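Please keep the structure open while you read.

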Amino acid sequence: MPGRLTTSRFAHAQRGGILELIPYLRGQGSFTKRSAQIMKKAVLTTRSLLSLVLAVAFLTGCSDSVLSDTDTTAGIQDSEAESSFTKLRHSHLLRAKFLSRTKVLERYESLAASDDFVLGMSKVLERYKVLERYESYDGVVIKRRYRNAIDGFAVHIQDSLMSIEDFLSIVENDGDISWIEPDIKVNNAQPKRSNLKPGARQYLPWGVERVGAGIGSSASVDADIFVLDGGIEWTDLNESGDVDVVVSGSGNAMSAAHGTHIAGTAAAEDNSRGVVGVAPGARVHSYKVLNGAGNAKLSDVIEAVDRITAMKLAEPSRPMVVNISFGADIGTTEYNGLDEAIANSIAAGVVYVIAAGNEGIDASTVTPAHVTEAITVGAYDRYDTFASFSNFGPTVDLLAPGVDIESLSPSRRPFAPPVLMTGTSMAAPHVAGAAALYLDAKPSATPQEVLEALTAAAQPGIAAVPVNTTSLSVHVAGLLWSAVDGFTSLTNVESSVSDRLKPGKGRGKGRR
Ligand SMILES: [Ca+2]
Ligand SMILES: [Ca+2]
């Protein structure tokens, strides 16, 4: 006879499989109101689980009674605990000190927030007055102000001066605020790394070669790539800006290793040293949002997105690509403030390329990978086999190399030997580089057109792809031909496209 269904038991069941939950669904084991609430939360927030629960319930012939019981009991408890805060979004990610009965599920422990929030404003004429008002409350510290990608701000609550419950009540009754949500942590999936032997000359990474890019270009790609990550050590890159959205913390080197590696795959220069990226010499901008441990606050990432959006709004013709190689499973497809900011930034014309994540789950519950308007990237290995760790599902737009990827080392030593890293973090910059190449050839392309062109030029053939997931790999050759406006024949194309854009040029020269 199974014991009481607790949060940790439920989390265990999730890891071990749905079978452990069957006794509870059958009414064996003690299924308390608390159990029902845990169950309801999980069912509401996990689409895939919902289908499993329904399937199991169908098989055991108890569909109606189980689900309606769950709904009723949990509904009562929910209304006691939460119904007064209708503006509070993603409350399952709030490590609330006052909502004791909705303690955060174990699977979200690592990203849950308690004293920090992001708020969205209604359309207000005098936004500064709203900010002034919040500034005047004792115990409310405004951390960030946004006006380009979203209308809103982020706060820290000093709970000795203001209780979370009181703050939520203020927000609830404030017509100028349309939503509030916990300022969660998102993180880079810790990459595996190892060192390669030093080489005297430039190294062509297998992933760059696999997507049809590589050695042979001479001019630099005319596009801006923004790497939102843990900072970049500048070597073998066209350094174009270094913005510390967060200040450096301890363990900074590992987080800079991640960012430097990503930048190298996207845009390492084609010279005689280091590696060569997919879009060699594109202007690289570092926006440091991850701390030394590889974590970012939602509010800090929104800040970066807000600033980048402002840049695009000020200079609409600027070809801009953002690479995001971090995220978090938030257990819901519903957008958070970051997702909305990114969607708005894309609407303003900025291309976003986002790693699908390394949890081996459907990416539709992963922020910001689940932003539909973005280009979401899964990973495969050098044998063209889908990487088992890569998130999957219909949210994934394209696949790219992401296992044992050779790229720049964060060593301050110029042209230190490349290092190997593995993860969808490494797959995304292949696509970011491809998007930069396309924008170089066709600067007026909208993010939607870039996605369509990348998809049209992609090549099938990645094996072991999960159901409902693309098997297309990014490839730049056809992409560059498609960027040429009004071509009618190969001859015309050849006369109008620059040498650098000719697909295949430089390939076959072999590894140097
Ligand atoms: Ca190089
Ligand atoms: Ca998409």
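Two strands pair if DSSP finds at least two bridges between them. Helices (H or I, at least four residues) and strands (E, at least two) are DSSP runs, numbered from the N terminus. What you see is a predicted model, in which local features need pLDDT of at least 70 and side-chain atom pairs count only at pLDDT 80 or more, while totals for chains, interfaces and linings use all residues. Residues are numbered from 1 along each chain as its sequence is written, and chains are lettered from A and ligands numbered from 1 in the order in which they are written.

**Overview**

The protein chain has 15 helices and 18 strands. Of its 512 residues, 48% are buried, meaning that 20 or more other C-beta atoms, placed from the backbone, lie within 10 Å of the residue's own. Contacts are pairs of residues whose C-beta atoms, placed from the backbone, lie within 7 Å. Among contacts with a separation of 6 or more, 74% join residues 24 or more positions apart.

**The open sheet**

Seven strands line up in the order β8-β9-β7-β11-β13-β15-β16, forming an open sheet with parallel pairing. At its edges stand β8 (238–244) and β16 (398–401), each with a single partner strand, so one side of each has no neighbour in the sheet. From one strand to the next, the twist averages 25 degrees, taken between N-to-C directions of lines fitted to C-alpha atoms, on a scale from 0 to 180 degrees.

| Pair | Bridges | A bridge partner pair |
|---|---|---|
| β7 and β9 (residues 283–288) | six | phenylalanine 226 and histidine 285 |
| β7 and β11 (residues 320–324) | five | valine 227 and asparagine 323 |
| β15 (residues 375–380) and β16 | four | tyrosine 380 and proline 401 |

**Strand β7**

Is β7 buried or exposed? Six of the six residues of β7 (residues 224–229) are buried, so this strand is largely enclosed by the rest of the structure. Asp224, Phe226 and Leu228 point one way, and Ile225, Val227 and Asp229 the other way. In a regular strand the side chains alternate between the two faces of the sheet.

**Helix α10**

Twelve of the 17 residues of α10 are buried, so the helix is largely enclosed by the rest of the structure. Among them are Asp300, Glu303, Asp306 and Lys312, along with Val301, Ile302 and Val305.

Terms used. Two residues are in contact if their C-beta atoms, placed from the backbone, lie within 7 Å.
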